[in-house]
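Here is a set of questions and answers for anyone who likes to know where a structural label comes from. Have the model open and follow along.

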Amino acid sequence: MMDRRPPAGGAERPLPQRAPLRLGPLRRVLSEPLAHFVLLGAMLFALDRAVEEHARFSRIAITQDRIDRIADNYRRQFGDSPSSPQLQALVDKYIDEEILYREALKLGLDREDEIVRRRLVQKYEFLQQDLSAPQRPTDAELEDHYREHAARYRVPARVTFTQTYFSTDLRGDQGARRAAQALASRLNRRGITRAVEQGDRFPGPDDFTALSAEELLRVFGEGTLTRGIFDVQAGRWSAPLRSGYGWHTVYVTAREPDRQAAFAEVRDQVERDYIESMRTMRNARALASLRAQFTIERP
Amino acid sequence: MNKTVILPAALISALACCPCQSAAPAQPAAPAVKVNPLRDAYYGDLHLHTSYSLDAYLDSTIKVDPDEAYRFAKGEVVDYLGQPVQRREPLDFLAVTDHSESIGVLRALDDPDSAVSRSDVGGKLRAFLAAATNSDGRRDLSRVSGDLGWWAEFTAVWRDYFGGWSDKSPAGFRAESRAAWAREIDFANRNYEPGKFTTFVAYEWTSGPNGAHVHRNVIFKGDTAPDPFTSLDSKEPKALWDWLETIRKKGFEALAIPHNANASNGIMYDWIGGLKYIDRAYAEERQANEPLSEISQTKGTSEAHPLLSPNDEFADFEIYDFNAIDRHQEGRPEGSYLRDALSAGLVIQRRVGANPFKYGFVGGSDLHGGLSVSAQADYAGNIFSANMGPGKPSREQAARGLAGKAAELLEVTPKTTSGNLTGVWAESNTRDSIYGALRRRETFATTGTRLKFRFFAGWALPRDLLRRSDWVARAYAAGVPMGGDLPAKPADANAPIFAIWSVKDPNGANLDRAQVVKVWEENGRQQQKIYDVAWAGARDKDPKTGKLPAIGNTVDLGTGKYANTVGATELTTIWADPEFDSRHFCAYYLRILEIPTPRWSTLLAIKHGLPLANGVPATVQQRGWSSPIWYAARGPDAVPLETWP
């Protein structure tokens, strides 16, 4: 791997110029013995404070209370008590975390680190959601939401029909088409409305209720059946229509144009959408109200 | 672990039914989830990466996140490189399986103020990625291919944060990973629409010792999951199974799916080198935690290798046996392919009493651009992980890739292929139902088409079964479906009887033939044989070789069009094993071949008026594989092997 550090000892950058120290009258005061004493005392005091602070910083007390809390956390998460080695490992992990936490504080990461900041923000967001999760929207709220976003809740056009299938495996392409044509004419003359047994066995259902264009495409593939069935006259056997499997004549019994979904049909979907939109809005509102408490200074 | 607090839809409906709500006025029921006790085929992808995967972020121009991945898969329009794209046909289910190692971390590079961007490694990466990106925002690694420093940095990041060779992730990166995992769970739950589209909480455990893949996808059944067990925790598959057993006791049901065995250099299904550790407990633990294995995906098939199956004229299909890191080195085929593993498992079963390689089959995409595409026409060589619409390669990029730089990392390589699919036979399109199908191995794989087939075995399936209109109900009652175990042989039965029903993709090519692949063990030796059991057109098997002649090829290499003037819509038959010996442990699986159609590389060449790709066929016979059905010798026939063969 290439070493990308600059060459050592490079002195291209000039050192900053230092101003000469000007002590003036202070020089005289500092030469007094009393001042020496006071200064020494102050230094000792400061040193003592520093040692004490360091001792506090570097001392991590693991109390029984702390151990109980760690064990309790584990129980709540996994349902049973940690074994003794597990508990030891958890306590060690706590100690590691505490050390890292204190080191991080020492570096001032709590004041400016992006990740810590984001963790806190995220934690706050989750808290917000936790607090409001039990509230279930009322039907009135959901119906309002449904009306405001009506365009999202549409039911596609649907068609209900029975079909008789002619296999190209058994009859060849033209043979299957002609058979479908002949059967359609016969059935139309006799006024018969279902005739599955007069064709070949279809590798799927024979009768379909309220199929959308998307579902038609998945069941029959691209072809004149999928494209043309919405234009077929209801109550009559159709001219031969081609699917991805072979030829069909279809008898449409009902057709529904595309329409607005009734609230009851899409209630679950509305509820999901509503909860999601509320969550977004609540977070935005919470943030806005917090923001109002701060004065934000921008460069 | 952050608890996800977005209520999953299932929970919301559960709440709606709780007694405390009974005073509310009765709601008209929402459309009920369709349930078919005889099961329908559902198609999906259990293997897809988004920009939450570290490698996908580094390689890719695209910033698709798991939410967009799910929405695209269910048929919604998503923005892609600034343009709207929509899937040709929606999938029924999807598991986004981002690499768990440093999951979601590098996305933070998009924000110059993030801690990741401001870290040492992040700063370097931003500079390097900027150098490898065109002015239009697209990644173009050819800009830096001569820059050794770039590659050294790339490799170092790979090793330290991803490869599991060392873990140098700073604590901050790990925090980012945990948050990303919580979002992955949230995205999966939010996109789950019972009855319409199923999602799974999932991730990929990315263990690749020496560049040989032993990767596994971990699929969770429920809507919560613990933090992933990653290859930084352990690179040993057994450690992953141990973890799965541990979390199962805590209420997290999950299974692992190994994949890309073809790129494992023989270690995925190794047993010759592993005899020392394969005992009954090992075999049972492996079977319990990974009932499925991926048989095909964009980086090649793992069914069979021509060197291991010299009598199978269809074995040389989308073979991609490169070591995953050093693509100039071919892998060891033994231990890298499922047909070999299935028969090895039977030998091991006779020796130790359990079968570690009792695998059902699934297919996946393993695409890294966040959009799962499975049609040959929608795959475009995966240039910098992009395939759809504006992500398709330019004429110049296509020319470079198709000219045969198969060994080049991240470029179009004509050796890869479009996304493959998993099929499941399930009662309804819900997590419970589809996960149940995965658990009982009632699954199949296709190379991307919606080819459909059923496969049953029993000792007394009637000859005229398939002529009955209620044949499926009868087959379930009298036999076992794909993925199942034959019950003990009745004294009056001679051989297992199979019911085979297959039908073409309504938007795809006709069928060529249906084959039963049989593997068995005999005196501790692995055996295999392929039977053509149903085929289209009037063709006779060659009396000398027993082979059925190839079907006609209708592909016009000038236009890329083919015609369904050969082949069949449906192939069905009842077949009994003519060479059954009850003393041998056996497994049978179904392989269905379509008629030849143009390979994606051919379509790409035609589109740009380029010469056809080097080193790959111009046409392919797309296909499907069912999970096997197993037969176990019992009683006096099940004499254990005393020593390893």
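Q: What makes helix 8 and helix 9 of chain B a packed pair, and at what angle do they pack?
A: In this predicted model, helix 8 (residues 237–249) and helix 9 of chain B have axes 10 Å apart and pack at an angle of about 65 degrees. Trp241(B), Leu244(B) and Glu245(B) in helix 8 meet Glu285(B), Arg286(B) and Asn289(B) in helix 9.

Q: Is the crossing of helix 8 and helix 9 of chain B left-handed or right-handed, and what does that word rest on?
A: The crossing is left-handed. The word applies when the near helix is turned anticlockwise from the far one by less than a right angle.

Q: Where is Asn260(B), and why is it called buried?
A: Asn260(B) sits in the loop between strand 8 (254–258) and helix 9 (280–289) of chain B. The cut-off for buried is 20 or more C-beta neighbours within 10 Å, and Asn260(B) has 25, so it counts as buried.

Q: Which residues is Asn260(B) in contact with, leaving aside its neighbours within four places in sequence?
A: They are His213(B), His215(B), Gln297(B), Lys299(B) and Ser302(B). A contact calls for C-beta atoms within 7 Å.

Q: What makes strand 9 of chain B a partner of strand 11 and of strand 10?
A: Pairing needs at least two bridges. Strand 9 and strand 11 (residues 360–363) of chain B have 4 bridges, in the parallel sense. Strand 9 and strand 10 (residues 300–301) of chain B have 2 bridges, in the antiparallel sense, and these two strands form a hairpin with 2 residues between them. Ser296(B) takes part on both sides: its bridge partner in strand 11 is Gly363(B), and it stands opposite Thr301(B) in strand 10.

Q: Which residues of helix 14 of chain B are buried, and what covers them?
A: In helix 14 (residues 600–608), Trp600(B), Ser601(B), Thr602(B), Leu604(B) and Ala605(B) are buried. Their cover includes helix 11 (395–402), strand 21 (597–598) and strand 22 (619–620) of chain B. After the helix comes Gly609(B), whose phi is positive, near 60 degrees.

Q: Why are strand 3 and strand 4 of chain A said to stand at the edges of their sheet?
A: The open sheet has 4 strands in the order 3-2-5-4, with antiparallel pairing. Strand 3 (207–211) and strand 4 (241–242) each have a single partner strand, so one side of each is left without a neighbour in the sheet.

Q: How do you know that the radius of gyration of chain B agrees with a compact globule?
A: For 645 residues, a compact globule would have a value near 26 Å; chain B has 24 Å, so the two agree. Buried residues make up 53% of chain B. The chain holds 14 helices and 24 strands.

Q: How confident is the predictor in chain B, and where is the pLDDT below 50?
A: The average pLDDT of chain B is 88, and 91% of the residues score at least 70. Over residues 1–30 of chain B the pLDDT is below 50. Where pLDDT is low, the predicted coordinates should not be read in detail. For the complex, the predictor gives an ipTM of 0.85 and a pTM of 0.80.

Methods. Residues are numbered from 1 along each chain as its sequence is written. Chains are lettered from A and ligands numbered from 1 in the order in which they are written. This is a predicted model: local features need pLDDT of at least 70, side-chain atom pairs count only at pLDDT 80 or more; totals for chains, interfaces and linings use all residues. A residue is buried if 20 or more other C-beta atoms lie within 10 Å of its own, exposed if 12 or fewer, and partly exposed in between; C-beta atoms are placed from the backbone. Two residues are in contact if their C-beta atoms, placed from the backbone, lie within 7 Å. The radius of gyration is taken over C-alpha atoms; the globule rule is 2.2 Å times the number of residues to the power 0.38. pLDDT is the predictor's confidence in each residue, from 0 to 100. Axes are lines fitted to C-alpha atoms, for helices over the stretch in contact, and angles run from 0 to 180 degrees between N-to-C directions.
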